[in-house]
Every structure is written in structure tokens, then in C-alpha cells.
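Here is a short briefing on one protein chain. Please look over the sequence and the structure before reading on.

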Amino acid sequence: MIKKKNKKKAIFLDRDGTLIYSKKKSKFKIRPPYEKKELKFYKDIKYINKFKKKYIFIIVTNQPDVKRGFLKEEFNNYINTELKKKIPYKKIYMCFQKNSNCSICDVTKLGFFFLKLICSFWVSY
């Protein structure tokens, strides 16, 4: 049996529009930044670090623009590297699908996704 003190609490964060500014694509759609001059972090991101002693941070983000060719994979990785400098996230889960055929984007598979996370990081629930 796992003792409760060995379990960690986690904070799950979205990336675009939550930690970094997203660009408006249309009235109801947003997109990630595609180049360095568009990349801007929210100033309040620094306050997340107040929780780093008690929680692990896990980023969950869908990035279909990589698959579509609008966002270069190298720049996507650059965004994640810059984000790591701001907050010490434990893991980032990305979905590159254009539709909802993955466990991150498909709500019906989301339970399995979180169960996998709980087992991977001994996350308390």
C-alpha cells in the first residue's frame, strides 16, 4: 500500500491562452504564436511557482497546427523550453491530431489519460 505522504499533488495547466498569450485566428478561434516576436508569457505566471514545493506541474496542450504545418515543431519545442525556464513543469503532454482521436483531446478517453498520470507520478486524487 502506498502511504499518502509519498503521493504528490498535481496542478494541470493548459499552455496557449493560459500561460502564454495566444493569437486570435477568428472570432471564436485562437492559435499559438508562430514566431518569437509573437511569444509572450502572462506576467502572473510567476505566482504559479509559489506552489512548486507542494505540487508538481503538468502541462496538457493540443497543438494541431504542428500537424497542419502552420507551427514548426522546432518553434513549438522552443516555446516549451522557454516555458520550462518560467515554471518547473514535470511533464508536458501534447496532442498533434487535427481531430479528437487521442486520449488528451477525446473526452471519452480522458479518464484513461488521468489514470495513466496518477500511476506515472503517484499523483494524489
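Predicted model: local features only at pLDDT ≥ 70, side-chain atom pairs only at ≥ 80, totals over all residues.

## Strand pairing and core

In β4, Ile58 is the bridge partner of Phe12. Ile58 also stands opposite Lys91 in β5.

**Overall make-up**

- The protein chain holds three helices and five strands.
- Along the sequence, these elements follow the pattern β-β-β-β-α-α-β-α.
- The protein chain has 125 residues, and 34% of them are buried.
- Take the contacts between residues at least 6 apart in sequence: 69% of them join residues at least 24 apart.
- The accessible surface of the protein chain is about 8800 Å². Carbon and sulfur atoms account for 55% of that surface.

**The three-stranded sheet**

- Three strands form an open sheet in the order β1-β4-β5, and their pairing is parallel.
- β1 (9-13) and β5 (89-95) are the edge strands, and each of them pairs on one side only.
- On average, neighbouring strands of this sheet are turned by 20° against each other, with direction ignored.
- Strands of a sheet pair through backbone hydrogen bonds, in a parallel or an antiparallel way.
- β1 and β4 pair in the parallel sense, over five bridges.
- β4 (residues 55-62) also pairs with β5 in the parallel sense, here over six bridges.
- Which residue of β5 is the bridge partner of Phe57? That partner is Tyr89.
- Helix α2 (residues 73-86) packs on the sheet and touches β4 and β5. The direction of α2 makes about 155° with that of β5.
- β4 is mostly covered, with six of its eight residues buried.

- Leu13 has its place in strand β1.
- Is Leu13 buried or exposed? Leu13 counts as buried because its relative accessible area is 12%, and the cut-off for buried is under 20%.
- Leaving out residues up to four places away in sequence, Leu13 touches Leu19, Ile48, Phe57, Ile58, Ile59, Val60 and Ile87.
- Leu13 and Ile59 are 46 residues apart in sequence. In space they are 4.8 Å apart, C-alpha to C-alpha.

**The largest pocket**

- Rolling a probe the size of a water molecule over the atoms shows where empty space is left.
- The largest pocket has a volume of about 240 Å³.
- How many residues line the largest pocket? There are 13 of them.
- Of these lining residues, Ile30, Arg31, Pro32, Asn62 and Pro64 lie nearest the centre of the pocket.
- β3 (30-31), β4 and α1 (64-68) each supply at least two residues of the lining.
- Which element gives the largest share of the lining? That element is α1, with three residues.

Note on methods. Residues numbered from 1 in each chain as written. Heavy atoms only, no water. Helix = DSSP H or I, 4+ residues; strand = E, 2+ residues; numbered from the N terminus. Buried < 20%, exposed > 50% of the residue type's maximum accessible area, 1.4 Å probe, protein only. Contact = heavy atoms within 4.5 Å. Areas by Shrake-Rupley, 256 points an atom, 1.4 Å probe, with all protein chains shown as cover. Pairing = 2+ DSSP bridges. Axes fitted to C-alpha atoms, helices over the stretch in contact; angles between N-to-C directions. 1 Å grid on protein atoms, 1.4 Å probe; cavity = no way out; pocket = protein on both sides within 12 Å on 5 of 7 lines; lining within 4 Å. Points joined across faces, edges and corners; volume = space filled by probe spheres on them.
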